[in-house]
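Here's a quick briefing on how this protein is put together. Have a look at the model first, then work through the points below.

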Amino acid sequence: MKKQLIVGVAVAALTVVTLTSCSGTARGGSGASSGAAAIPKGSTIGVALPAKTSQNWVLAKAAFEKSLAAAGFKADVQYAAASNTVTDQQSQISGMVTKGDKAIIIAAQDGSQLGTQVKQAKAAGIPVIAWDRNLTGTANVDYYVAFNNFKVGELQGQALLDGMKAKKSSGPYNVELFAGSPDDANAPVFFNGAMSILQPKIDDGTLKVVSGQTKFTQVSTQGWLAQNAQTRMSNLLQASYSGSTALDGVLSPNDTLGRAIIQAVKSAGKPVPIVTGQDSETASIPLIMDGTQYSTIYKNTDVEAQAAVDLVTTLSKGQTPKTVLDKKNNYNGVKTVPAVELTPILITKENAVKEYANNPTLEALAKAGQ
Ligand code: BGC
């Protein structure tokens with residue numbers, strides 16, 4: 001036992017020496033060993049993206065290719081396949097390590113299943129940056145770049161209340177809750193953010209969750225798949241909203257699921273309730289403008305990709321990136337991952353045109369629906 005420990009320390013010390021001496025430019029010392037990584041201009045940066053379950057992931061490839069090229073790097077962007085997603089992503093990341101990509105940016109399909117691969121990256125001195133979704137249960141993630149996920153949830157919870165109040169000035173309001181996929185570290189954070197706003201209103205009787213399903217494990221949506229949310233909503237309507245029981249609002253964690261929920265309500269012949277969302281998907285903007293979906297969240301994918309590329313650039317200069325330690329958002333079960341946190345924006349039809357002014361596609365959709 002003791003001997004193993006000593007060997008371990010010696011290996012760690014060696015690794016630090018090797019990393020420092022090959023960069024030659026190491027300064028500062030953030031404590032993250034990758035601060036001293038060698039990322040020469042022109043080198044290849046790996047970007048491992050999950051399956052394309054929502055539009056943000058579709059947009060991410062071009063966003064990374066553009067910002068990496070502008071920063072003087074080559075991009076190696078790969079999506080996990082729609083099936084065998086986890087194993088596919090595992091082998092893609094191993095491949096990036098073997099090929100010698102100089103930094104690896106990961107948006108995990110399942111943040112708890114990449115421990116072996118990031119350990120491999122760490123052993124090879126390759127910095128690992130979790131992007132949008134954190135990696136859990138591992139010390140071998142150096143940085144995390146994302147929007148403030150707890151804040152996303154708070155905005156969704158508040159929007160649900162505001163939307164219902166605008167329609168009917170006082171409660172009690174009948175609501176149902178949905179959360180994202182349990183294998184995505186973001187999903188419980190979004191949900192906890194929303195519940196920080198909604199739970200006090202459930203406790204004081206303003207909100208009534210008619211199904212009684214309020215726990216993350218009861219309301220989560222495996223794989224973030226629209227079909228799963230639509231089926232659950234149909235079942236809830238059948239079980240708890242027969243006859244004249246009104247459904248006033250639904251907490252939906254993103255736009256894809258929001259549209260599925262709306263579809264289920266329409267199929268059941270009920271009036272569409274206040275439904276929240278996230279991602280500013282092009283298919284949801286017209287629904288927001290015509291009042292079918294109440295709100296979404298704007299998380300500009302270009303800005304988020306740029307923030308990760310800026311971090312790589314900082315590391316390539318041997319400098320220490322500016323990060324925050326935010327336990328509530330970024331604790332991964334082993335450590336609070338140093339993070340670059342961006343600010344999400346709540347969108348309703350009132351502010352859509354203004355807030356989308358930096359995005360011609362979304363701005364045009366918002367204007368068209370005015
Ligand atoms: C992202 C959301 C997205 C969801 C489903 C989350 O990790 O932060 O923007 O809607 O995954 O793909």
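The protein splits into domain 1 (9–147 + 300–342) and domain 2 (149–278), with bounds that come from an automatic or database domain assignment. Keep in mind that this is a predicted model, where local features need pLDDT of at least 70, side-chain atom pairs count only at pLDDT 80 or more, and totals for chains, interfaces and linings use all residues. Residues are numbered from 1 along each chain as its sequence is written, and side-chain values use heavy atoms, with hydrogens and water left out.

- The C-alpha centres of domain 1 and domain 2 sit 33 Å apart.
- In the contact (heavy atoms within 4.5 Å), domain 1 puts in 14 residues and domain 2 puts in 12 residues.
- Domain 1 and domain 2 bury about 990 Å² between them, with 43% of it on carbon and sulfur atoms; buried area here is the accessible area (1.4 Å probe) that two parts lose on being put together, summed over both.
- Thr53, Arg133 and Asn329 supply 42% of the area that domain 1 buries against domain 2, more than any other three residues.

**What holds hands across the interface**

- The rule turns up 1 salt bridge across the interface of domain 1 and domain 2, a salt bridge being a side-chain nitrogen of Lys or Arg within 4 Å of a carboxyl oxygen of Asp or Glu.
- Aspartate 184 and arginine 133 form a salt bridge, and their closest N and O atoms are 3.1 Å apart.
- There are also 8 residue pairs in polar contact across the interface of domain 1 and domain 2, both residues at pLDDT 80 or more. A polar contact is a pair of N or O atoms within 3.5 Å; within protein, one must be able to donate a hydrogen and the other to accept it, and residues adjacent in sequence count only if both atoms are side-chain atoms.
- On the side of domain 1 that touches domain 2, strand E5 (143–147) and helix H12 (327–330) each supply at least two residues, and E5 gives the most, with 3 residues. Helices (H or I, at least four residues) and strands (E, at least two) are DSSP runs, numbered from the N terminus.

**Pairs elsewhere in the chain**

- The structure holds 10 salt bridges.
- Aspartate 76 and lysine 99 meet in a salt bridge at 2.7 Å, N to O; this pair links strand E2 (residues 74–79) to helix H3 (residues 85–99), 23 residues apart.

- The peptide bond from glycine 171 to proline 172 is cis, with omega near 0 degrees, and proline 172 is in the loop between helix H5 (149–167) and strand E6 (173–177).
- Aspartate 132 has a phi near 65 degrees, a positive value in a residue other than glycine, and aspartate 132 lies in the loop between E4 and E5.
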